Amino acid sequence: MADKNAKLTVGGGEHGFDVLDGTIGPSVVNISSLYKDTGMFTYDPGFTSTASCESKITYIDGDEGTLLYRGYPIEQLADHGDFLESCYLLLYGDLPTKPEKEDFVSRVTYHTMIHEQMSRFFSGFRRDAHPMAVMCGVVGALSAFYHDSTDISDPRQRMIASLRMIAKMPTIAAMAYKYHVGQPFVYPRNDLNYAANFLHMCFAVPCEEYKVNPVLARAMDRIFILHADHEQNASTSTVRLAGSSGANPFACIAAGIACLWGPAHGGANEAALNMLSEIGSVDRIPEFVARAKDKNDPFRLMGFGHRVYKNYDPRAKIMQKTCHEVLGELGIKDDPLLDIAMELEKIALNDPYFIEKKLYPNIDFYSGITLRALGFPTNMFTVLFALARTVGWIAQWKEMVEDPSQRIGRPRQLYTGAPKRDYVPIEQRR
Ligand code: SDX
């Protein structure tokens, strides 16, 4: 629905713009003709008030603290479903019937191996390379091995590439971990479910049988669900922008991985655990909270705050519950970092600065403690985030490619540099 009831008076004239309403959430003012009508651009660094696209995949209500995948609340999907069911939902738009689910699981399962020659690709990296650096390189290299699914104009190739990405990310992530710790790669197992297979590829060794703990596999699967998609966040926007030029899906996902790595985004789970370790004890919390509030100190509480959520991140609540489940299953009675995290949360949520700025724990606040308890080193945390977010990136990429109004993304700027001036020969320069 649209009508021109948004008026802008600028440059001596009044201009009307359509207001478009979504199913739920804020309406938008369609300003695509603004430059043609007024000769002016909008200006919104960080895109705090800008909708970059129309999407049917994920909806976030930041004030309410709700998150819906294709309309289903994250709490219900995390409690009742599994990750591959959420993958199907994000990709196809509806929950699968039993036969559809079985077929999808089978198609993913039989794409989990990677081209054998790719395993030699890892040996080009230093052993102490950050696993996210390895992920950027290896995922980008997938397009060098799977040419038969890079023609994005072919719906069949788009779906094969999507399945390959979802299926192969756990294998590549586990190989990045094994390479980092100097252990042999472990091949995927078709008799294990998605999360159990991933844990097996990470923690099994050739010398003995490795039994995956089903409680931990369920927790891993739920953590994947929580990280699967999140509307137009920085890495998803990166994937969409890369894809808008027609780049192949593997290259687009590699771009998303690179963006996710930043500590303000997916790198925050690694940074949050490092921060808790740096705080070291509950009695040092006030010192760090003071630093987080100090405008002259760049320090921020990692795992706190969010561009959209101005309420508790619903994923953080589920993550905290999962954290207690995992620690309980492992018999970890008192994890000092968890004690610090819970005390820090309590102090921050009662501090006027955090209340006024609506800063709450986000998904990265408790994930690090949980992932460390599961056996992962800190530098693998963002790799796990990338593994889970791959389905969201792919679903958003597919939606963008299949959108008939899709064009290459090409923002403009406010230029404040030097006006036109003539070249000065070097002898005449002062
Ligand atoms: C993810 O977008 C997504 O959906 C991302 C994500 C996903 O699933 O894809 O949810 C995953 O990236 C979660 C966020 C993980 N990042 C962190 O935990 C890093 C710490 N958080 C901050 O860097 C920050 O909160 C951001 C980056 C998350 C949000 O930044 P914004 O929206 O640009 O907000 P801001 O930096 O302008 O902060 C608003 C105010 C500022 O104070 P003023 O300038 O108004 O005085 O709040 C302050 C900030 O200084 N602030 C913090 C803070 N976060 C914001 N102060 C202390 N500690 C913090 N963590």
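How many bridges pair S4 with strand S5 (residues 66–69), and in which sense? The two strands pair in the antiparallel sense over four bridges. Strands here are DSSP runs of E with at least two residues, helices are runs of H or I with at least four, and both are numbered from the N terminus; two strands pair if DSSP finds at least two bridges between them.

A quick word on the basis. This is a predicted model, where local features need pLDDT of at least 70, side-chain atom pairs count only at pLDDT 80 or more, and totals for chains, interfaces and linings use all residues. Residues are numbered from 1 along each chain as its sequence is written, and side-chain values use heavy atoms, with hydrogens and water left out.

Back to the sheet: three strands make it up, open and antiparallel, in the order S4-S5-S6. Strand S4 (58–61) and strand S6 (72–73) are the edges, each pairing on one side only. Across from isoleucine 60 you'll find leucine 67 in S5.

Now the aromatics. Searching the whole structure turns up 22 aromatic pairs (rings of Phe, Tyr and Trp, the last by its six-membered ring, with centres within 6.5 Å; planes under 30 degrees apart are stacked, over 60 edge-to-face, the rest tilted). Take tyrosine 88 and phenylalanine 104: their ring centres are 5.5 Å apart and their planes at 85°, so they pair edge-to-face. Tyrosine 88 belongs to helix H3 (residues 83–92) and phenylalanine 104 to helix H4 (residues 98–109), so the pair ties together parts 16 residues apart in sequence. Tyrosine 88 is buried at 10% relative accessible area, and phenylalanine 104 is buried too, at 1% (buried means under 20%, exposed over 50%, partly exposed in between, with a 1.4 Å probe and protein chains only).

One aromatic cluster is formed by Phe83, Tyr177, Tyr194, Phe198, Phe203, Phe224 and Phe376.

| Charged residue | Ring | Distance to ring centre |
|---|---|---|
| Arginine 127 | Tyrosine 179 | 4.1 Å |
| Arginine 412 | Tyrosine 35 | 5.9 Å |

Methods
Lys NZ or Arg CZ within 6 Å of the ring centre and 35° of its normal.
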